[in-house]
Amino acid sequence: QHHELVIDSLRVHYRNTLALDDVSFATSCGNRVALVGPNGAGKSTLLKAIAGLVPRSAGSIRWRGAAVKKWSREFAYLPQREEVDWSFPITVRGLVEMGRYPQTGLFGRFRAEDDAAVDKALASLDLVDLQHRQIRELSGGQQQRAFLARALAQEAHVLLLDEPFTGLDRNASKQLGELLERLSHEGRLVIASHHDLNSAPRLFDEALLLKTRPISFGAASEVLSPKN
Ligand code: ADP
Ligand code: ADP
């Protein structure tokens, strides 16, 4: 079977720590994949390695048949809440515009098509009325949507999300769940670290149980069933 994203024998070291060892799995657009496992299992590291934010010691990543060497515009990484500097002054629209820099180049000129892509991303995530607000003034759920809109403006197909449900209230969490389902059905691949094993089978189709090495990978309901 042909998969769009193929991770093969991935290994990542930080100085003395082996954070990921021999991680292989394959999946495709349309899916939502949960990365589960205890603290320190390597969930964040795997997301960052796929995004090209930490160097790989060994292994390969293929996307739609081509090797991904470093960074790919197809991949968008959303950091964990605590890794974001929320005092940074930027509007929702400003954040979403950042998604266009891979297209324009940092010093490139914003073109009409870039504005159109930003407008489309804001509309898709219901952020048009909030676009001139500062990011720090928004609720947690709205902030998540703004980061997802940046990924859409980038035209990324693979959304790499670090604990996206953490810190959201019940309602925002429900909305984000529906949104990720919609984005996957629209042809994107969602991969997210997730520490709540109870909600994972409801929110995700597939799960990778990780403990530095992969313990199991498959349908979320199977991997996370109480029998395992
Ligand atoms: P998880 O997200 O599952 O909690 P991480 O990927 O954050 O796991 O961490 C995996 C291992 O790598 C842990 O032992 C952690 O301490 C270590 N680690 C993570 N980031 C760094 C870093 N920047 N430098 C050194 N070690 C790190
Ligand atoms: P999580 O696993 O949920 O990402 P961590 O506490 O493991 O949370 O990591 C928080 C931040 O600290 C991350 O940026 C991670 O890369 C970094 N980090 C984690 N462990 C280490 C470590 N041993 N040395 C240096 N940085 C680390």
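Axes here are lines fitted to C-alpha atoms, for helices over the stretch in contact, and angles run from 0 to 180 degrees between N-to-C directions. Helices (H or I, at least four residues) and strands (E, at least two) are DSSP runs, numbered from the N terminus.

This is a predicted model, in which local features need pLDDT of at least 70 and side-chain atom pairs count only at pLDDT 80 or more, while totals for chains, interfaces and linings use all residues. Residues are numbered from 1 along each chain as its sequence is written, chains are lettered from A and ligands numbered from 1 in the order in which they are written, and side-chain values use heavy atoms, with hydrogens and water left out.

**Helix pair**

Two packed helices are described by the angle between their axes and the distance between the axes. The axes of helix α5 (residues 140-153) and helix α6 (residues 170-185) cross at roughly 15 degrees and come within 10 Å. α5 is therefore roughly parallel to α6 (angles under 35 degrees count as roughly parallel, over 145 as roughly antiparallel, 65 to 115 as roughly perpendicular and the rest as oblique).

**Ligand 1**

A residue is near a molecule if one of its heavy atoms lies within 4 Å of it. The residues around ligand 1 are Tyr14, Thr17, Ala19, Pro38, Asn39, Gly40, Ala41, Gly42, Lys43, Ser44 and Thr45.

| Residue | Protein atom | Distance to ligand 1 oxygen |
|---|---|---|
| Gly40 | backbone N or O | 2.7 Å |
| Gly42 | polar backbone atom | 2.9 Å |
| Thr45 | side-chain N or O | 2.5 Å |

The protein covers 59% of the 560 Å² of accessible area that ligand 1 has on its own (Shrake-Rupley method, 1.4 Å probe). β2 (17-27) and α1 (43-51) are the elements that give two or more residues to this shell. α1 gives the most, with 3 residues.

**Ligand 2**

Ser44, Lys48, Gln80 and Glu83 are the residues around ligand 2. By class, this shell has no nonpolar, 2 polar and 2 charged residues (Ala, Val, Leu, Ile, Met, Phe, Trp, Tyr, Cys and Pro count as nonpolar, Asp, Glu, Lys and Arg as charged, and the others, Gly among them, as polar). A polar side-chain atom of Gln80 lies 2.8 Å from an oxygen atom of ligand 2. For Glu83, a polar side-chain atom is 3.2 Å from an oxygen atom of ligand 2. Of the 540 Å² of accessible area that ligand 2 has on its own, the protein covers 30%.

Terms used
Polar contact = N/O pair within 3.5 Å; in protein donor to acceptor, adjacent residues only side chain to side chain.
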